[in-house]
Amino acid sequence: MEPALPNHIAVIMDGNGRWARMRGRPRVFGHRQGTETARETVRFFSDAGVKYLTLYTFSSENWKRPQREVDFLMNLMGEMVDREVPEMMERNVRMVVLGRKDLLPERGRRKLEEGERKTAGNTGMTLALAISYGGRQELVSAARKLAERAARGELKPEEIDEKAISDALYVPELPDVDLMIRTGGERRTSNFLPWQSVYAELYFSEKLWPDFTTGEMRQALDYYAKRDRRFGALNDDSAGDGQ
Ligand code: IPE
Ligand code: IPE
Ligand code: MG
């Protein structure tokens, strides 16, 4: 039997700044190097047959960083989309952006939307880029959408169920996260996909993001394949003896 493959992998790409500092370079040098790892990650997981990959690229809280770093990251994202769309076409990868696109600089936003448009017909892996994304902000926006529908008389409060909330998120079709990976040594999820990851398997790596290799990606998949995902039920072995 093939080992279980996660349907949706979410990655917190952390550690770029420290990687650069260790080399006596400015933090942004680490961000640039990190894009190389991001590209390898897309290649590796799409080759592995993963259907959804979400990369935490810029959080709602990252707006608090110095303006120069924010500007650099915004430019880098636009550049990356330009550079990577041809390979996404080759690999049949479709990109979507989740987050507060309205807060992004016009130029960057246009590039991201162009990438979404060009790859919209691709049927392989979906690459979701979480940009200006915060999980609580996403839930606030979902609550507002539902409240607006209720106020217009289109939705009764008792009709609000898990599906209604999922359908009101930024990208409703994004399935539950099966495996969440965080590099850089911290063991927290930093406002990333709270609704979608309640039952995610968590994989933490000490490696800084630019040092995260395909060997490490393989290890994360192996870790996932060994998990016994019970979702609150009992596993097959113990299901028979109810006493
Ligand atoms: C993650 O690396 C990339 C972004 C948040 C954009 P950091 O920039 O957080 O790097 P460290 O954690 O400071 O090393
Ligand atoms: C999380 O990393 C956000 C991204 C990787 C885009 P941070 O470096 O911003 O997270 P905290 O602040 O250490 O929790
Ligand atoms: Mg960090």
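What covers the buried residues of α5? Before the answer, some conventions. This is a predicted model, where local features need pLDDT of at least 70 and side-chain atom pairs count only at pLDDT 80 or more, while totals for chains, interfaces and linings use all residues. Residues are numbered from 1 along each chain as its sequence is written, chains are lettered from A and ligands numbered from 1 in the order in which they are written, and side-chain values use heavy atoms, with hydrogens and water left out.

Now the answer: the cover includes β3 (94-98), β4 (126-133) and α6 (162-167). Helices (H or I, at least four residues) and strands (E, at least two) are DSSP runs, numbered from the N terminus. Buried means under 20% relative accessible area, exposed over 50%, and partly exposed in between (1.4 Å probe, protein chains only).

The buried residues of α5 are Gly135, Glu138, Ser141, Ala142 and Leu146. Down the helix axis they fall within an arc of 135°, so they line one face; the arc is that of the directions from the axis to the C-beta atoms. On the face turned away from that buried side are the exposed residues Arg136, Arg144 and Ala151. Just after α5, Gly153 has a positive phi of about 80°.

Next, the cores. A nonpolar core is a set of buried Ala, Val, Leu, Ile, Met, Phe, Trp, Tyr and Cys residues joined through side-chain atoms within 4.5 Å. The largest has 36 residues, of which Ile9, Phe45, Leu53, Leu55 and Ile181 touch the most other members. Eight elements, β1 (8-12), α2 (27-48), β2, α3 (67-91), β3, β4, β5 and α7 (214-225), each supply at least two residues of this core. α3 gives the most, with seven residues. Apart from this core lies another, of 17 residues, including Tyr170 and Leu174.

Last, the aromatics. Across the whole structure there are 10 aromatic pairs. Rings of Phe, Tyr and Trp (its six-membered ring) pair if their centres lie within 6.5 Å; planes under 30 degrees apart count as stacked, over 60 as edge-to-face and the rest as tilted. Tyr56 and Phe192 are stacked, 4.1 Å centre to centre with 5° between the planes. Tyr56 is in strand β2 (residues 52-59) and Phe192 in the loop between β5 (179-182) and β6 (201-204), 136 residues apart. Tyr56 is buried at 7% relative accessible area, and Phe192 is buried at 1%.

Conventions
Contact means heavy atoms within 4.5 Å.
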